[in-house]
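Please read this short report alongside the model.

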Amino acid sequence: MKIFPICTVLAIIFSPIPINAQPSISDEYALEIRADGLYEYVDAFTSPRLEGRRSGTKGGLLAAEYIENELHLIGLKQPFNNSYLQPFVENGVKGVNVLGMIEGTALNDEVVVLMAHYDYV
């Protein structure tokens, strides 16, 4: 299985599109991104309820669960035994990584992995 770094994916998504080309998937999603929608995410992640989203806190776990739900809603695959969450322990602090996966269509042995860095602002 081949995994492409996110910078490669971004370079592909934001590459210039020929004038006569069919609209790409990134074009379709760009039409769906709105300021009010982004505000909802910012508002959720800056909520005092999330306690700064620090790893090992209730707020950090709430933030991870929020992202997990969003990955499910947009249809990303769960890479860890039917889960988006990958628990870890670092310096005695329990935390969780959140990852989603998009499997290749033409090349089904290739995937795009989306990771969320969401802890502590």
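The text below starts with how the model was made and then turns to its parts.

This is a predicted model, in which local features need pLDDT of at least 70, side-chain atom pairs count only at pLDDT 80 or more, and totals for chains, interfaces and linings use all residues. Residues are numbered from 1 along each chain as its sequence is written, and side-chain values use heavy atoms, with hydrogens and water left out.

The predictor's confidence in each residue is its pLDDT, from 0 to 100. The protein chain has an average of 77, and 71% of its residues score at least 70. Helices (H or I, at least four residues) and strands (E, at least two) are DSSP runs, numbered from the N terminus.

| Element | Residues | Mean pLDDT |
|---|---|---|
| helix α1 (lowest) | 6-13 | 45 |
| strand β2 (highest) | 85-90 | 91 |

Where pLDDT is low, the predicted coordinates should not be read in detail.

Helix α4 covers residues 58-73. Buried means under 20% relative accessible area (1.4 Å probe, protein chains only). Among the buried residues of α4 are Gly59, Leu62, Ile67 and Leu71. Just after α4, glycine 75 takes a positive phi of about 85°.

Arginine 53 sits in the loop between α3 (35-45) and α4. Arginine 53 counts as buried because its relative accessibility is 9%. A polar atom of its side chain lies 2.4 Å from the backbone oxygen of phenylalanine 45.

Note on methods
Buried < 20%, exposed > 50% of the residue type's maximum accessible area, 1.4 Å probe, protein only. Polar contact = N/O pair within 3.5 Å; in protein donor to acceptor, adjacent residues only side chain to side chain.
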